[in-house]
Amino acid sequence: MATRRILTDGDETLRKISRPVAEVDKRTKILLDDMAETMYKNEGVGLAAPQVGVLRRIVVIDVGEGLYELINPEIVSSEGAKIGEEGCLSIPGRRGMVERPAKVTVKAINRKGKAIQLTGEGLLAVAICHELDHLDGILYTDKMIEDVTNKEENVK
Ligand code: NI
């Protein structure tokens, strides 16, 4: 496993549309391993492949309940709405309020090439939506209702 460099806002790769994974091969598994390591090292709760410069539809998420690896993820249903605070490893030092569905169900394939489905609420729903947006070149700041970067509790 290896840590990969995270691209930051302003890099045009972050604005491109990622392509689906046609076949889960050895390279895909290495990428998944590297993405998880990179996410944990940087204390993130999610990471999308374009953030490490790979324009493939792959995300990893861990909001504290274990690692989820999603290949070719697609949201199949969502309900409710909730406004919460978000940050992004590609936009270091900033925080903002974003409205997301309260609950989402996503279908994807796992590293064994098997179809899986995942339903998330709260932080997991936020992470799923945030990471899937990266696959379409969208950053949370595009949807931000309020920039809270300089709010007292966020100043370090
Ligand atoms: Ni992000």
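Modeller: Two residues are in contact when heavy atoms of theirs come within 4.5 Å of each other. This is a predicted model, in which local features need pLDDT of at least 70 and side-chain atom pairs count only at pLDDT 80 or more, while totals for chains, interfaces and linings use all residues. Residues are numbered from 1 along each chain as its sequence is written, and side-chain values use heavy atoms, with hydrogens and water left out.

Colleague: Which residues is Leu 118 in contact with, leaving aside its neighbours within four places in sequence?

Modeller: Leu 118 then touches Tyr 68, Leu 70, Val 104, Thr 105, Val 106, Leu 124 and Ile 128.

Colleague: How should I read a nonpolar core, and which members of the largest one touch the most other members?

Modeller: A nonpolar core is a set of buried Ala, Val, Leu, Ile, Met, Phe, Trp, Tyr and Cys residues joined through side-chain atoms within 4.5 Å, where buried means under 20% relative accessible area, exposed over 50% and partly exposed in between (1.4 Å probe, protein chains only). The largest core here has 16 residues, and those touching the most other members are Val 59, Ile 61, Leu 70, Val 106, Leu 118, Leu 124 and Ile 128. At least two residues of this core come from each of strand E2 (58-61), strand E6 (103-109) and helix H2 (123-134), and H2 gives the most, with six residues. A second, separate core has 13 residues, among them Val 21, Val 24, Met 39 and Ile 58.

Colleague: What do the labels E and H stand for?

Modeller: They are DSSP runs, helices (H or I, at least four residues) and strands (E, at least two), numbered from the N terminus.

Colleague: Which protein residues are the donors of the nickel ion?

Modeller: Donors are N, O and S atoms within 2.8 Å of the metal (3.2 Å for Na, K and Ca), and since water is not among the atoms, sites may look incomplete. For the nickel ion, the protein donors are Cys 88 (SG), His 130 (NE2) and His 134 (NE2), at 2.1 to 2.2 Å from it, and their spacing along the chain is C-x41-H-x3-H. Distant parts of the chain are linked here, with Cys 88 in the loop between strand E4 (82-86) and strand E5 (96-100) and His 130 in helix H2, 42 residues apart.

Colleague: Is Cys 88 buried or exposed, and what of His 130?

Modeller: Cys 88 counts as buried because its relative accessibility is 10%, and His 130 is buried as well, with a relative accessible area of 6%.

Colleague: Where does Ser 18 lie?

Modeller: Ser 18 lies in the segment before H1, and it counts as buried because its relative accessibility is 4%. Not counting residues up to four places away in sequence, Ser 18 touches Pro 50, Val 54, Leu 55, Arg 56, Arg 57 and Leu 135.
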